[in-house]
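This report goes through a structure part by part. Look at the sequence and the structure first, then read on.

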2 protein chains.
Amino acid sequence: MSLDSSEALEKRLRRIGAERYHDKHPFHALMRDGKLNKGQVQAWALNRYYYQSRIPIKDSALMSRLTDVETRRIWSQRVLDHDGSHEGQGGIRKWLHLCERLGLDRDFVVSEEGILPVTRFAVDAYVNFVRERPLLEAIASSLTEMFAPAIISERTSSMLARYDFVDEDTLSYFKDRLTQAPRDADFALDYVKRNATTPDLRESVCKALLFKTDLLWAQLDALHLAYVDPKMPPPGAFVPRDA
Amino acid sequence: MSLDSSEALEKRLRRIGAERYHDKHPFHALMRDGKLNKGQVQAWALNRYYYQSRIPIKDSALMSRLTDVETRRIWSQRVLDHDGSHEGQGGIRKWLHLCERLGLDRDFVVSEEGILPVTRFAVDAYVNFVRERPLLEAIASSLTEMFAPAIISERTSSMLARYDFVDEDTLSYFKDRLTQAPRDADFALDYVKRNATTPDLRESVCKALLFKTDLLWAQLDALHLAYVDPKMPPPGAFVPRDA
């Protein structure tokens, strides 16, 4: 399929999501189907905290590359969503809350000790990608938000139904994301459709999204290997007490 | 004077301001004393627009290096002050307004054409400094805000009194800065006092402030050479029509 129009680009982006977003990963299927134990869900939450903590850093880095006030102002909403406008608010705080509700020690989570090295490599690669790659690609790498509402709905309802250690309060982070993610995705999709004006640029947008789906996938791969099968947590990594 | 305490550090920082802040520059003295013509004031406003436009970029870059949510949230206020929370607001918009009130064409100002190459070099050096130097130094380079209220008061009152092409509406940008600058400076000064815990680190803080006073000075030097004495605007630079 040639990328000769913005419509063809959008179609390709949606196909990438359908084929390679991490809702297709076996670890997600296990989580959705209620087949993880509490320790495995803890490991997921702990590692994902590192990802969450770097999102506003990634978005600030992107803002620092935008010379247009309007685009910068719109993008700043993402930072605000994660950091909150006041202490005790924002997505990072809510993710910490999720971790605590799952029985993890707050200081341990914030220390970033115990996360899998691959989590760090993948997340840091994302931040560096956004710092260094052409702006169009940096923005395109956020397009996984297009596919977030589906995975959030699926994950939330099934976790509530299938894990007795999870309740609505635990998952309050995701409630906000259900409105934030589509708003952010709409803006980014419109941006890349307007700014990727040649087949080569559209190809670079697709590659940026693939880079992102790869790094989300790699994080679940690492969790799977360490905590599901064959259960080989690397030296220094979190060892769940709750099986 | 040895930098063996945070009080000694603050004292040294204030001395650097007293000796080397750009309120000591001949160009500022001419502006204050009503001795610039309209074209010279236009050249100043045009070149400073580039500086203004890069401040939120610099501050976003700094935010992208902060891993602490609280510090990042406080720092984000600076970006908001310059970009505004809605279209038509914020410091950059107000600086554009100042330029327009001085008779400059808005599109010309925004195009960034006509600025002095030294303006670009100095401002870009500032952004790069904040991106690349140790975080403590990046934050310390903002400490010129400590000295801003004095120069703003002096500049505002004398410009209103001495230039018939300047009125209060023209200078509305500075009204906001009179409260913003001390708030920002207090935070940054407290930060460096707490975090520069050795004489070497305190020395690095002083050097960062010197770097900043140097680059503010260099911008007025360039304006002076191009538009005051010996009036040698480089090829491509703005040529005032109003003498």
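How many residues of chain B are in contact with residues of chain A?

## The model and its numbering

This is a predicted model, in which local features need pLDDT of at least 70, side-chain atom pairs count only at pLDDT 80 or more, and totals for chains, interfaces and linings use all residues. Residues are numbered from 1 along each chain as its sequence is written, while chains are lettered from A and ligands numbered from 1 in the order in which they are written.

## Where the chains meet

The contact involves 17 residues of chain B and 17 residues of chain A. Two residues are in contact if their C-beta atoms, placed from the backbone, lie within 7 Å. On the side of chain B that touches chain A, helix 3 (38-63) and helix 4 (69-83) of chain B each supply at least two residues. Helix 4 of chain B gives the largest share, 7 residues. Helices here are DSSP runs (H or I, at least four residues), numbered from the N terminus.

Sorted by class, this side of chain B has 7 nonpolar, 5 polar and 5 charged residues. Ala, Val, Leu, Ile, Met, Phe, Trp, Tyr, Cys and Pro count as nonpolar, Asp, Glu, Lys and Arg as charged, and the others, Gly among them, as polar.

## How the copies are related

## Helix 3 and its partners in chain A

Helix 3 (residues 38-63) of chain A packs with helix 7 of chain A at an angle of about 10 degrees, their axes 9 Å apart. Helix 3 of chain A is therefore roughly parallel to helix 7 of chain A, a term for angles under 35 degrees. Axes are lines fitted to C-alpha atoms, for helices over the stretch in contact, and angles run from 0 to 180 degrees between N-to-C directions. The residues of this contact divide into 9 nonpolar, 2 polar and 4 charged. Among them are Tyr50(A) and Ile57(A) from helix 3 of chain A, and Val123(A) and Val127(A) from helix 7 of chain A.

With helix 11 of chain A, the axis of helix 3 of chain A comes within 11 Å and crosses at roughly 145 degrees. In this contact, residues of helix 3 of chain A including Trp44(A) and Asn47(A) meet residues of helix 11 of chain A including Leu223(A) and Tyr227(A). By class there are 6 nonpolar, 3 polar and no charged residues.

## Backbone details

Which peptide bond of chain A is cis, with omega near 10 degrees? It is the bond from Asp229(A) to Pro230(A), and Pro230(A) lies in the segment after helix 11 (199-227) of chain A. In chain B, the bond from Asp229(B) to Pro230(B) is cis, with omega near 10 degrees.

Lys231(A), in the segment after helix 11 of chain A, is not a glycine but has a positive phi of about 55 degrees. Lys231(A) counts as exposed (12 or fewer other C-beta atoms within 10 Å of its own, with C-beta atoms placed from the backbone), because 10 other C-beta atoms lie within 10 Å. Glu112(A), in the loop between helix 6 (106-111) and helix 7 (117-132) of chain A, has a positive phi near 65 degrees. With 15 C-beta neighbours inside 10 Å, Glu112(A) is partly exposed, the class between exposed and buried (20 or more).

Methods. Angles under 35 degrees count as roughly parallel, over 145 as roughly antiparallel, 65 to 115 as roughly perpendicular and the rest as oblique.
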